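Have the structure open as you read.

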Amino acid sequence: MDDTDSAILTHLQRDARLTNRELARRVGIAPSTCLERVRTLRARGVITGYHAAVQPRLLGRSLQALVFAKLRPLSREVIYDFESYLTQLPEVVSVFVVSGDDDFLVHVAVPDIEHLHAFLMDRFSARREVVTFRSSVIYRQTGTRVMTPMDGAGHEREP
């Protein structure tokens, strides 16, 4: 990963709809070089796909929450089964298997507090492996959509 690859990733994370020609212009390289670099980033698994960012509120999901859950018995099979179950639910935005007091952190988006309550009672707590859970409503979400490489962390160094 060099500075050119990092620049390509930064621009694509900000706007994945850039044409190859425009991306090459912004990075300062030839379009053919840019295309080859993007292909290489995809082949190496650095770029895993492209998506459209959406506004949950405009999709009828005005309430977002984080749900923390502890499971028992704790085993790979229980974790994988629960993770698979969660990813099939339309209310679920993201699933994280975590360390610490909780085993899962689940980001959900629903129309309102009544739907959150129904989700927690009917879909979440109905699972036998869930021994405890708690939820926190998200008031505001901010953050960056651009991730850049960190020196010495997660990427291969040139010999």
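This is a predicted model: local features need pLDDT of at least 70, side-chain atom pairs count only at pLDDT 80 or more; totals for chains, interfaces and linings use all residues.

Val 95 sits opposite Val 106 in E3. E2 (92-97) and E3 (104-110) run antiparallel, with 5 bridges joining them. Strands here are DSSP runs of E, at least two residues long, and helices are DSSP runs of H or I, at least four residues long, both numbered from the N terminus. Two strands count as paired if DSSP finds at least two bridges between them.

Residues are numbered from 1 along each chain as its sequence is written, and side-chain values use heavy atoms, with hydrogens and water left out.

## The sheet and the helix across it

The open sheet has 4 strands in the order E2-E3-E1-E4, with antiparallel pairing. E2 and E4 (130-138) are at the edges with a single partner strand each, so one side of each has no neighbour in the sheet. On average, neighbouring strands are turned by 20° against each other, direction ignored. E1 and E3 pair over 7 antiparallel bridges, and the bridge partner of Leu 66 is His 107 in E3.

Helix H4 (residues 76-87) lies across E1, E2, E3 and E4, at about 165° to E2. Contact means heavy atoms within 4.5 Å; axes are lines fitted to C-alpha atoms (for helices, over the stretch in contact), with angles from 0 to 180 degrees between N-to-C directions.

## The whole chain

From the N terminus, the elements go α-α-α-β-α-β-β-α-β. The radius of gyration is 20 Å, well over the 15 Å that the globule rule gives for 159 residues, so the chain is more spread out than a compact globule. That radius is taken over C-alpha atoms, and the rule is 2.2 Å times the number of residues to the power 0.38.

## The largest pocket

What lines the largest pocket? There are 50 lining residues, with Gln 13, His 51, Thr 144, Arg 145 and Val 146 nearest its centre. H1 gives the most, with 4 residues. A pocket is an open set of points on a 1 Å grid over the protein atoms alone, where a 1.4 Å probe fits, with protein on both sides within 12 Å along at least five of seven lines; lining residues have an atom within 4 Å of a point.
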